Amino acid sequence: MEKELDKVVEEIMLTPKVTGCIFADHQGLCLAAKGTAHVDSAGILVAISEQACKLQPNLKPPTIYLESDDKMCLIQRHGTITGGIFKHKE
Amino acid sequence: MGCCYSICHNDSDPQDNVPNERTHLLEVPEQQQETPSPTMCASTPPRKPDEQSALNRILHETATNVIDVGALGPYSLEANAYSERVRAYTARAASAALPPPIPVKLLADVPPTLSKVILNGPPPDCADKELITNAVKKAAAAISELRVEHHEDLVVPFRVP
């Protein structure tokens, strides 16, 4: 049933330096999570993207970068789906 | 009470023999009918003054417990007493001063010097943006294709003739 989504997740995880990947629907329900991405973070991810979308509501949903010294998290929304990718920095 | 009512009104009812909604289905012997009625009828009249006195007592108690603020006169305080109280209260408040609450900040402001360094730093990598954009697009497409795959018939016909 969710083979396609699993395939996409596997593909993303094969990308160098990517440690985790998560997808959630507009209500914060986790649809897929793998690696360092925790299922519980789905709601927070969606909330962050929602707040960022409020900055300029007429434009496309922004890409959000959360950085620490050695890791980063990318968040992006597309339609009702919000995705998050965790990866090591250069 | 319904029973009592029917008993009390039995005698005065002109249609005694005509069966109506109050007619007993089973014949009750006179002795049994008589026994509860005297106690009921006897106890009712003396109870009335008791109830009245009880109600009066409740009313009185409620009246004593209620403080009618509107009826109270204006509360005046002399200037001397007022200043004395102010001094006493301020002294007490100063002695029992609580430590200032620690401000809770989830997101603290970055100092201007540091913020300049961050903003002058290299912008986020375009490859990263492409990675997340493509990933979310693909995932959205995959999710839109989610279908329930049934391996058996969803509707099972029963052998109904």
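Biologist: What is the accessible surface of chain B, and what share of the surface belongs to carbon and sulfur atoms?

Modeller: In this predicted model, the accessible surface of chain B is about 15,100 Å². Carbon and sulfur atoms account for 62% of that area.

Biologist: How many of the 161 residues of chain B, as a percentage, count as buried?

Modeller: The share is 9% of the 161 residues.

Biologist: What is the secondary structure of chain B?

Modeller: Chain B has 6 helices and 0 strands. Along the sequence the pattern reads α-α-α-α-α-α.

Biologist: What makes S1 and S2 of chain A a pair of strands?

Modeller: Pairing requires at least two bridges. Strand S1 (residues 18-24) and strand S2 (residues 30-35) of chain A have 5 bridges, in the antiparallel sense, so they count as paired.

Biologist: Which residue in the hairpin of S1(A) and S2(A) takes a positive phi?

Modeller: Gly28(A) does, with phi near 90 degrees; the hairpin has 5 residues between the strands.

Biologist: Why is Cys21(A) called buried?

Modeller: The limit is under 20% relative accessible area. Cys21(A) is at 0%, so the residue counts as buried.

Biologist: How do you know that the sulfur of Cys21(A) is too far from the closest cysteine sulfur for a bond?

Modeller: A disulfide needs two cysteine sulfur atoms within 2.5 Å. The closest cysteine sulfur to that of Cys21(A) belongs to Cys30(A), at 9.5 Å, and is therefore too far for a bond. Over all chains, the count by this rule is 0 disulfides.

Note on methods
Residues numbered from 1 in each chain as written. Chains lettered and ligands numbered in written order. Predicted model: local features only at pLDDT ≥ 70, side-chain atom pairs only at ≥ 80, totals over all residues. Heavy atoms only, no water. Helix = DSSP H or I, 4+ residues; strand = E, 2+ residues; numbered from the N terminus. Buried < 20%, exposed > 50% of the residue type's maximum accessible area, 1.4 Å probe, protein only. Areas by Shrake-Rupley, 256 points an atom, 1.4 Å probe, with all protein chains shown as cover.
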